[in-house]
Amino acid sequence: MSSALPPAAAPGPRILLGVTGGIAAYKGAELARQFIKAGAQVQVVMTAGALRFVTAQTFQALTGRTVRHSLWDEQAEAAMGHIELARWPDAIVIAPASANFLAGLAHGFADDLLSTLCLATDKPIYAAPAMNRLMWANPATQANMSTLRGRGVRVIGPGSGAQACGEVGEGRMSEPEGIAREVLGDFAPSGPLAGLRAVVTAGPTREPIDPVRFITNRSSGKQGYAVAEALAHLGATVTLVSGPVHLDTPAGVRRVDVETAQQMAAATLAEIEGAQILVGAAAVADYRPVSAAGQKIKKNADTLDLALTRNTDILSAARAEQPQLFIAGFAAETEKLAEHARGKLQRKKLDLIAANWVGEGRAFDRDDNALQVFWTDGERSLGPAGKSEVARQLAALIAERYAATHAGRK
Ligand code: CTP
């Protein structure tokens, strides 16, 4: 795994998570997970004390990045020197922040990697203190905290309650969800969908017949990717659940790759937890082979029967799990567009359906598209225009319909 600079167009704010020594270090792992889930990029830096409580591997597995912990690691320094590392994040979040680390920070020490990074940055620093209640209440700590606050360090917590040392009082690290919310809130985009989470399915699925063959649908994924990008532009935090396509992940969008319809269903149902909007732009295979052959099927016979079974309808399953979710689907039709699209709108209990004519060279593998969008008591034509323009219009319509039907009940 490399700790080189990530691509510029990668999603979310860049967060350098500093983990210092203390029993709350394990909560740092949950915080890393929360940041990642929200689409942030997370680089963890641990102090020597932190390494006594949690392993670097834990954070590495969660963030997908090599954890940094030493100023003197030649290999890591060669990949990204500490000054470069200090420039990388949009914010430094120290959680848990021990009394000792905060004292060092207040006095400008640069005696390990994390303290050096804090001194060598002009980015916002957040600290979530965690310590015994008497250490927190000690005037030395309180003086350090007032120095740090005075310099613009944003202090989150601590909370009060039962402590690992058996005492009860103020000094517990704030809960990871609260810390994540506070930090990410400062980077929240603006726009009509700000503060909302959207999940978009895109691309085809592949249903294996044997190790080298599969059933699939024609889909470039372009329209779904463009919708994901357009929703992100309107301020939504977007996760793209994508089948195999040859497209770059849009800037600011988190992508989960899947292959089969079953994987897409599982990933989508997991991702819609806490989301407000789902857009089903994927061309999901309606059927899959009852069982995939373990070995390549040989052409011994003139005919070959392939038993197929229905795949779960992802949008219907999502509706069953989340009655409040705003769900937009797509319909590809070769005839009776309005009738078939409205039928799907009702059957799948969608909030909106975007229908397009397909066949005869229309829509597939092309950069332009036209959609007829239907909802219970309305319809609108979008395009014809480039797929990104149509996606922008569709995202704006989704925002409009969401506001009309769901405002005040997110
Ligand atoms: N969809 C889904 N899960 C499936 C199948 C489809 O989520 N297993 C979604 C698609 O992403 C799309 C919409 O449902 O948003 C399309 O509905 P579907 O009934 O599959 O449309 P067609 O394939 O056009 O249906 P039909 O074959 O009945 O015309």
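Reader: At the start of H13, which side-chain oxygen reaches the backbone nitrogen of Leu315?

Author: A polar contact is judged from the distance between N or O atoms, with a limit of 3.5 Å. In this predicted model, a side-chain oxygen of Asp313 comes to within 3.2 Å of the backbone nitrogen of Leu315, at the start of H13.

Reader: Which residues of H13 are buried, and what covers them?

Author: A residue is called buried when its relative accessible area is under 20%. In H13, which spans residues 314-321, the buried residues are Ile314, Leu315, Ala317, Ala318 and Arg319. Their cover includes helix H12 (261-271) together with E13 and E16.

Reader: Where does Leu278 lie, and is Leu278 buried or exposed?

Author: Leu278 belongs to strand E13, residues 277-280. Its relative accessibility is 0%, so Leu278 counts as buried. The contacts of Leu278, leaving aside neighbours within four places in sequence, include Leu315 and Ala318, both of which are among the buried residues of H13. Val199, Thr201, Phe326 and Ile327 are also among the contacts of Leu278.

Reader: How far apart are Leu278 and Val200 in sequence and in space?

Author: Separation along the chain and separation in space are to be read together. Leu278 and Val200 are 78 residues apart in sequence, while their C-alpha atoms are 5.8 Å apart. For the protein as a whole, among contacts with a separation of 6 or more, 67% are between residues 24 or more positions apart.

Reader: With which side chain does Glu333 make a polar contact?

Author: The side chain of Glu333 makes a polar contact of 2.6 Å with the side chain of Lys344. Glu333 is placed in strand E16, residues 326-333, and is buried, with a relative accessible area of 6%. Beyond its neighbours within four places in sequence, Glu333 is in contact with His340, Ala341, Lys344, Asn356, Trp357 and Val358.

Reader: What partners does the side chain of Arg65 have?

Author: Arg65 is found in the loop between helix H3 (56-63) and helix H4 (74-79), and at 14% relative accessibility Arg65 counts as buried. A polar contact of 3.3 Å joins its side chain to that of Gln41. A polar atom of the Arg65 side chain also lies 3.3 Å from the backbone oxygen of Val42. The C-alpha atoms of Arg65 and Gln43 are 6.4 Å apart, across 22 residues of sequence.

Reader: Why do the buried residues of H10 line one face of the helix?

Author: The directions of the C-beta atoms from the helix axis define an arc. In H10, residues 176-185, the buried residues are Pro176, Ile179, Ala180, Val183 and Leu184. Seen down the axis, they fall within an arc of 115 degrees, so they line one face of H10. These residues pack against strand E1 (14-19), helix H1 (25-37), strand E3 (91-97) and strand E4 (125-129).

Reader: How are backbone angles to be read, and which peptide bonds are cis?

Author: Most peptide bonds are trans, and most residues other than glycine have a negative phi. Here a cis peptide bond joins Gly157 and Pro158, with omega about 0 degrees; Pro158 lies in the loop between strand E5 (154-155) and strand E6 (159-162). The bond from Gly383 to Pro384 is also cis, with omega near 5 degrees, and Pro384 is placed in strand E19, residues 378-386.

Reader: What is the phi of Lys336, and what is the phi of Lys349?

Author: Phi of Lys336 is near 40 degrees, a positive value, and phi of Lys349 is near 50 degrees, also positive. Lys336 is in the loop between E16 and helix H14 (337-347) and is partly exposed, with a relative accessible area of 48%. Lys349 is in the loop between H14 and strand E17 (352-357); its relative accessible area of 55% makes Lys349 exposed.

Key. Residues are numbered from 1 along each chain as its sequence is written. This is a predicted model: local features need pLDDT of at least 70, side-chain atom pairs count only at pLDDT 80 or more; totals for chains, interfaces and linings use all residues. Side-chain values use heavy atoms; hydrogens and water are left out. Helices (H or I, at least four residues) and strands (E, at least two) are DSSP runs, numbered from the N terminus. Buried means under 20% relative accessible area, exposed over 50%, partly exposed in between (1.4 Å probe, protein chains only). A polar contact is a pair of N or O atoms within 3.5 Å; within protein, one must be able to donate a hydrogen and the other to accept it, and residues adjacent in sequence count only if both atoms are side-chain atoms. Contact means heavy atoms within 4.5 Å.
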